[in-house]
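This note is written for a colleague who is meeting the structure for the first time. Please keep the sequence and the model open while going through the numbered points.

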Amino acid sequence: MTDLLTLEAEVRTDLGKGASRRLRHANKVPAILYGENEEPISLTLEHKNVFRAQQEESFYTQVLTLNIAGKPVECLIKDMQRHPFKQVVMHLDFLRINANHIVHANAAIHFINEDEAAKTGANISHHMNEIAITCLPKDLPEFIEIDLAGLELGQTLHLSDVTFPAGVTSDELAKGEDHDLAVVSANAPKTAKVSTDVEAPAAEAPAAE
């Protein structure tokens with residue numbers, strides 16, 4: 001996994017749409033590195049390495065290392081542009097980080113024991129797939145795990161019910177109680193709707209005397 005989170009990058013000076021198009025034809029990915037009050041750097045990466053790395057969930061949540069001219073730079077992926085229908089990464093935005101400065105990121109949610117909660121007959125509804133968090137780079141979680149084994153029928157878990165790793169806080173909860181958003185619910189199953197559109201059978205005419 002460590003190898004996948006370390007990518008070789010070259011500084012590029014040939015900029016513009018035409019240059020980016022030529023890079024993609026050569027199976028390379030144009031990128032930019034910015035942040036920490038330093039000048040942005042335009043980069044080039046090998047597409048095959050980027051494509052393999054971006055298949056891992058940790059690529060989007062963990063600290064990445066870019067080797068630029070032999071110098072390692074720690075960063076986070078902030079944006080990725082993909083081709084609308086081809087399996088091609090078009091462009092990458094990297095955010096330079098400092099180990100002593102907090103970062104804002106999105107942590108994926110892993111729901112476990114969902115089958116246990118479903119045994120109550122509930123329909124499990126996910127309101128979130130990731131949570132916006134703040135922490136130091138060293139505390140970035142690969143994901144946040146939420147155990148649904150004790151979730152009862154009709155119950156909703158909110159952000160305040162989530163156990164965050166040490167050093168990690170929720171961006172929404174930091175805004176106040178009004179931002180204690182729903183994360184997952186165990187909804188009662190819908191009852192079958194009985195149609196009332198069927199005409200009642202006509203009453204039999206009285207027999208003739």
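1. The first point concerns a contact between two side chains. The side chain of aspartate 171 makes a polar contact with the side chain of threonine 134, at 2.5 Å. It should be kept in mind throughout that the model is a predicted one.

2. Where does aspartate 171 lie? Aspartate 171 is placed in the loop between β12 (169-170) and β13 (182-187). Although aspartate 171 is buried, it has no salt bridge. Lysine 175 is the nearest side chain of opposite charge, and it is 7.1 Å away.

3. Salt bridges are the next topic. Side chains of opposite charge can pair when their charged atoms come close. In this model the count comes to six salt bridges. Three of these pairs are taken up in the points that follow, starting with lysine 28 and glutamate 46.

4. Lysine 28 and glutamate 46 form a salt bridge in which the closest N and O atoms are 2.6 Å apart. Lysine 28 belongs to strand β2 (residues 28-35) and glutamate 46 to strand β3, so this pair ties together parts that are 18 residues apart in sequence. Both partners are partly exposed: lysine 28 has a relative accessibility of 22%, and glutamate 46 has one of 30%.

5. Arginine 96 forms a salt bridge with glutamate 38, with the closest N and O atoms 3.6 Å apart. Because arginine 96 lies in strand β6 (residues 89-96) and glutamate 38 in strand β3, the pair ties together parts that are 58 residues apart in sequence. Is arginine 96 buried or exposed? Arginine 96 is buried, its relative accessible area being 8%, while glutamate 38 counts as partly exposed at 47%.

6. A further salt bridge joins the side chains of glutamate 116 and lysine 119, at 3.2 Å from N to O. Glutamate 116 is partly exposed, with a relative accessible area of 34%, whereas lysine 119 is exposed, at 62%.

7. Rolling a probe the size of a water molecule over the atoms shows where empty space is left. The largest pocket has a volume of about 340 Å³. Its lining comprises 16 residues, of which Tyr60, Thr61, Ile77, Asn106 and Glu130 are the closest to the pocket centre. Strands β5 (71-82) and β7 (103-112) each supply at least two residues of this lining, and β5 gives the most, with six residues. By class, the lining of the largest pocket is made up of six nonpolar, four polar and six charged residues.

8. The second largest pocket holds about 160 Å³ of space. Which residues line the second largest pocket? They are Leu33, Glu38, Ile41, Ile68, Lys71, Val73, Glu74, Arg96 and Ile97. Strands β3 (38-46) and β5 each supply at least two of the lining residues, and the largest share, three residues, comes from β5. Five residues of this lining are nonpolar and four are charged, with no polar residue present.

9. Two asparagines call for a check of the backbone. Most residues other than glycine have a negative phi. Asparagine 27, however, has a positive phi near 60 degrees. Asparagine 27 lies in the loop between α1 (17-25) and β2, and at 53% relative accessibility it counts as exposed. Asparagine 37 likewise has a positive phi, of about 60 degrees. Asparagine 37 is found in the loop between β2 and β3 and is exposed, with a relative accessibility of 85%.

10. The last point returns to strand β3, where serine 42 is located. Serine 42 counts as buried, at 18% relative accessibility.

Key
Residues numbered from 1 in each chain as written. Predicted model: local features only at pLDDT ≥ 70, side-chain atom pairs only at ≥ 80, totals over all residues. Heavy atoms only, no water. 1 Å grid on protein atoms, 1.4 Å probe; cavity = no way out; pocket = protein on both sides within 12 Å on 5 of 7 lines; lining within 4 Å. Points joined across faces, edges and corners; volume = space filled by probe spheres on them. Helix = DSSP H or I, 4+ residues; strand = E, 2+ residues; numbered from the N terminus. Nonpolar A, V, L, I, M, F, W, Y, C, P; charged D, E, K, R; others polar. Salt bridge = Lys/Arg side-chain N within 4 Å of Asp/Glu carboxyl O. Buried < 20%, exposed > 50% of the residue type's maximum accessible area, 1.4 Å probe, protein only. Lys, Arg positive; Asp, Glu negative; His and termini not counted. Polar contact = N/O pair within 3.5 Å; in protein donor to acceptor, adjacent residues only side chain to side chain.
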